[in-house]
Amino acid sequence: MKIPLYEPQESRATASLVEQSFQKVFGCGASGSFLVTVPLRICPLGAHSDHQGGTVTGLTIDRSVTLLGRRREDSLVRLYSDTFHEERQFDLCDIPEKVSGDWANYARGVAKAILGSHPSAQRGFDAVVHGAMPIGGLSSSAAVTIAYARALERVNSISHTPLETIFLVRATENGYLGLHNGILDQSVIVSSKKDHLTTIQCSSHAIDTVAQPEGGEPYEILVVYSGLSRQLTATPFNQRVAECKEAAIQLLHFSGRSVVADPILADAGSEAFEHYGSKLPEALQRRARHFFSEADRVRRGIDLWRSGQMRDFGQLVTASGESSIVNYESGSPALISLYEILAKLSGVYGTRFCGGGFQGCCLALIDPMKRDSIVAALHDKYTERHPELAEHYSLHICRSAGSVSVEELR
């Protein structure tokens, strides 16, 4: 069986594919339209911390959600997904409620959020949406939500600052979609710079980018799709968030402090966990242990990145992955297999799950000189463990990317 390995594709080639789909679906060329390119992201350190007020890190990669759109003269939004090969439409004057499992929920949700502050934004658009990666773990939901937001902004002559976009996406996901996540995905997407590590202090919403020094240890990003996709609302994701909240409530209680509204583990603090963590029920103790140990890994990791020590940085990534399995209890058999295999391969600096970590993808920071041997060994071992996924999984070599872009097509 041929190894399903994919190299980066030039952006012009992707745009050409979307233009062809647009012409086929809507019966006209792309002249006078606009192209929104939203990069996907990985989170090397800080996983499961954003909704608890922690500090998280991220990188955008040169794989993206691409939307080609054209303004309409009415309030109708017509969408075609190259991923699902389906068409959806809705009217901005009467946005329907969420439809369970429907990919167009992201468009309807962000439209409702935008109309909440811009009620006159009643101009619709036609669009084709293309995803460059299999769904699962790379912020595809946040990326496509931002793509729809940029399209609505473009045709209605409105704009949002990066911080406003971050909270617009969170409002869409927390409210319309019912996902209790934080600000990691959208913050990385709208703030990243090529070859920089983005850091987000989720309690204060302070965002920074950290460059690597010239002469730092070289690395490549390998993203491995397990062959299984998921929606976070259909996993234990929301349950984990609730468990973290309960751990915060109990730690505040044990330390004699008032319980604030909607407490998070950052409110309790590491000192409370050190003194009273042993009093927590086992499951809550593990959730808190992951959060506070991850905070320490993030602090050390940022310094290692800044000094270009990718091998040592990668060791922290692998430790983060282990804590996600043991303490946060995320993962599926396929993802855990990927993690275990990658962690033992020579040339892999570090590895962990992507995103919510229940299905989807696993990332690895690797030595470019050992790419071929890593890919071959992973293919043999993974398909041996999971032959049922051999025809569905894939490997993707990625590079660091920048932020969101909107391009006018003439």
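Predicted model: local features only at pLDDT ≥ 70, side-chain atom pairs only at ≥ 80, totals over all residues.
**Ground rules.** I number residues from 1 along each chain as its sequence is written, and my side-chain values use heavy atoms, with hydrogens and water left out.

**Entry: the five-stranded sheet.** I took helices (H or I, at least four residues) and strands (E, at least two) as DSSP runs, numbered from the N terminus. I counted two strands as paired if DSSP finds at least two bridges between them. I found an open sheet of five strands with mixed pairing, in the order S1-S12-S9-S11-S10. Strand S1 (5-6) and S10 are at the edges with a single partner strand each, so one side of each has no neighbour in the sheet. I then looked at S9 (residues 220-225) and S11 (residues 361-366), which are antiparallel and joined by six bridges. Across from tyrosine 225 I found cysteine 361 in S11.

Which helix packs on this sheet? I noted helix H12 (residues 371-385), which touches S1, S9, S10, S11 and strand S12 (394-398). The direction of H12 makes about 15° with that of S9. For such angles I used lines fitted to C-alpha atoms, for helices over the stretch in contact, with angles running from 0 to 180 degrees between N-to-C directions.

**Entry: strand S4 and its partners.** I called a residue buried under 20% relative accessible area, exposed over 50%, and partly exposed in between (1.4 Å probe, protein chains only). Strand S4 (residues 76-81) is mostly covered, with five of its six residues buried. S4 runs antiparallel to strand S5 (residues 86-91), and six bridges join them. I listed two facing positions here: leucine 79 is opposite arginine 88 in S5, and valine 77 is opposite phenylalanine 90 in S5. The hairpin of S4 and S5 has four residues between the strands, and in it histidine 85 takes a positive phi near 55°. S4 also pairs with strand S6 (residues 125-131), in the parallel sense and over five bridges. In that pairing I found tyrosine 80 opposite valine 128 in S6.

**Entry: aromatic pairs.** I paired rings of Phe, Tyr and Trp (its six-membered ring) if their centres lie within 6.5 Å; planes under 30 degrees apart count as stacked, over 60 as edge-to-face and the rest as tilted. I counted nine aromatic pairs by this rule. Why is the pair of phenylalanine 254 and tyrosine 276 tilted? The ring centres of phenylalanine 254 and tyrosine 276 are 6.5 Å apart and the planes stand at 35°, so the pair is tilted. Phenylalanine 254 is in helix H6 (residues 237-254) and tyrosine 276 in helix H8 (residues 270-276), so this pair ties together parts 22 residues apart in sequence. I read phenylalanine 254 as partly exposed at 26% relative accessible area, and tyrosine 276 as partly exposed at 26%.

Next I looked up tyrosine 339 and phenylalanine 353, an edge-to-face pair at 6.3 Å centre to centre with 75° between the planes. Tyrosine 339 is in helix H11 (residues 333-343) and phenylalanine 353 in strand S10 (residues 348-353), so the pair ties together parts 14 residues apart in sequence. Both tyrosine 339 and phenylalanine 353 are buried. I also noted a cluster in which ring pairs link Tyr219, Trp305 and Phe313.

**Entry: serine 337.** I placed serine 337 in helix H11. Is serine 337 buried or exposed? Serine 337 is buried, at a relative accessible area of 6%. Apart from neighbours within four places in sequence, serine 337 is in contact (heavy atoms within 4.5 Å) with Tyr382, Arg385 and His386.

**Entry: cysteines.** I looked for disulfides, taken as pairs of cysteine sulfur atoms within 2.5 Å, and counted zero. For the sulfur of cysteine 43, the closest cysteine sulfur is in cysteine 354 at 8.9 Å, too far for a bond. For cysteine 398, the closest is again in cysteine 354, at 9.1 Å and too far for a bond. Cysteine 43 is buried at 6% relative accessible area, and cysteine 398 is buried at 3%.
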